[in-house]
Amino acid sequence: MTATHATAYDVVRQYLGAQVEAIRSRENAVKDNAPDAVHKTRVATRRLRSTLRTFRPLFHAESTEPLRAELKWYAEMLGGPRDAEVLKQRLTEALSALPPDAVVGPVGARLSAELDARHALTHAELVQVMGTARYRDLTKALENLTQTPPLRSQTHHSMTEVLNPLLTEATQRVARRWEAAQAASGKEHTELAHEARKKAKAARYAFEAVAEFDPSYKDAAQAWEQVTEALGTGQDSVVTRERLHELRTAADCAGEPTFTYGVLYGLELNQQEGAHNRGGEAIQHALTVSSQ
């Protein structure tokens, strides 16, 4: 990978600033439930939290670790309405792809009613917390982060000198989690694969940050994006099956047929297996690209 005259400080400060701007600029849109506002804000919180973790040796941790905890809290609040949106789209598409004789009972109506209600409830909770002192303290901390980032002195050294070792550590964390997942089975395998996906996201975001200053890092960033997409499909399947179980139980209590929920559940199991296979191949490719 080629070097530039940029310092680690340049890279990290620009990336932090971009994520904070993405969060702050969409506050009203999030409250208004504007299209994609919750999703993009949630992604920015994840990127910001991940950057503070991956590049942690460059920060004064007494300042950034409390902020990471608050970003996690806010991301979880954003996750409620976003997850309901994703689930509704995923299950509606899966339902529409089934042959007519596989759809028994008012499945579509229940999916829409239950998930719309969940979205409305969690979005109302999100708007409520955005009016609290805790949220105001978070926004003040984000402002301070961009104005006076708590970075250590070594960040004024060369970008490649300081950040390349941290990028390598980030990729190796993925490799270790995936290796552990491959040695496990059942629920443990699923949990470790999810951990590998989270580490892959961290690697992706770190390479994206550096690629802003040196395009030779873009291939690695894109390779890790493929990993997160593949393993993300697998994790989405896990979450969807949990919700299908809840929906099936509700349908059963209402005296409705539950056959179709079982069909959808089986399809999700197949989705997870295929996603993990693709994820493993993508990880090997990303590790190779990252080492070049």
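On a 1 Å grid over the protein atoms alone, a pocket is an open set of points with protein on both sides within 12 Å along at least five of seven lines, while a cavity is a set where a 1.4 Å probe fits but cannot get out; lining residues have an atom within 4 Å of a point. Grid points are joined across faces, edges and corners, and a volume is the space filled by probe spheres set on the points. This is a predicted model, where local features need pLDDT of at least 70 and side-chain atom pairs count only at pLDDT 80 or more, though totals for chains, interfaces and linings use all residues. Residues are numbered from 1 along each chain as its sequence is written, and side-chain values use heavy atoms, with hydrogens and water left out.

View 1. Twelve residues line it, and Asn164, Thr168, Phe207, Ser290 and Ser291 are the closest to its centre. Helix H7 (159-182) and helix H10 (259-290) each supply at least two lining residues (helices here are DSSP runs of H or I, at least four residues long, numbered from the N terminus). H7 has the largest share, with five residues.

**View 2. The largest pocket has 24 charged residues in its lining.** Here the volume is about 1,600 Å³. The lining runs to 45 residues, with Arg42, Arg46, His194, Arg197 and Lys201 nearest the centre. Helix H3 (37-54), helix H4 (61-96), helix H8 (186-211) and H9 are the elements that give two or more residues to this lining. H4 gives the most, 14 residues. Besides the charged residues, there are 13 polar and eight nonpolar ones.

**View 3. The largest cavity is lined by residues that include His194 and His276.** Rolling a probe the size of a water molecule over the atoms shows where empty space is left. The structure holds one cavity of 30 Å³ or more, and the volume of the largest cavity is about 40 Å³. Around it sit Thr190, Ala193, His194, Leu231, Gly234, Gln235, Val238, Gln272 and His276. By class, the lining is three nonpolar, six polar and no charged. Look out for His194, which also lies among the residues nearest the centre of the largest pocket.

**View 4. H4 crosses H10.** Their axes come within 11 Å and cross at roughly 110 degrees (axes are lines fitted to C-alpha atoms, for helices over the stretch in contact, and angles run from 0 to 180 degrees between N-to-C directions). That makes H4 roughly perpendicular to H10, a label for angles of 65 to 115 degrees; under 35 counts as roughly parallel, over 145 as roughly antiparallel and the rest as oblique. On the H4 side the contact involves Arg90, Ala94 and Leu95, and on the H10 side Thr260, Leu264, Glu268 and Gln271 (contact means heavy atoms within 4.5 Å). The contact has three nonpolar, two polar and two charged residues.

**View 5. Arg243 is a buried residue of helix H9 (residues 218-253).** Its relative accessible area is 17%, and buried means under 20%, exposed over 50% and partly exposed in between (1.4 Å probe, protein chains only). Leaving out residues up to four places away in sequence, Arg243 touches Leu87 and Arg118.

**View 6. Asn33 and Asp36 have positive phi values.** Asn33 is found in the loop between helix H2 (27-31) and H3, and its phi is near 60 degrees, a positive value in a residue other than glycine. Asp36 is in the loop between H2 and H3 too, with phi near 70 degrees. As for accessibility, Asn33 is partly exposed at 31% relative accessible area, and Asp36 is partly exposed at 38%.

**View 7. Gln292 is in the segment after H10.** This residue is exposed, with a relative accessible area of 61%. The C-alpha atoms of Gln292 and Leu98 are separated by 45 Å, and the two residues are 194 residues apart along the chain.

Terms used:
Ala, Val, Leu, Ile, Met, Phe, Trp, Tyr, Cys and Pro count as nonpolar, Asp, Glu, Lys and Arg as charged, and the others, Gly among them, as polar.
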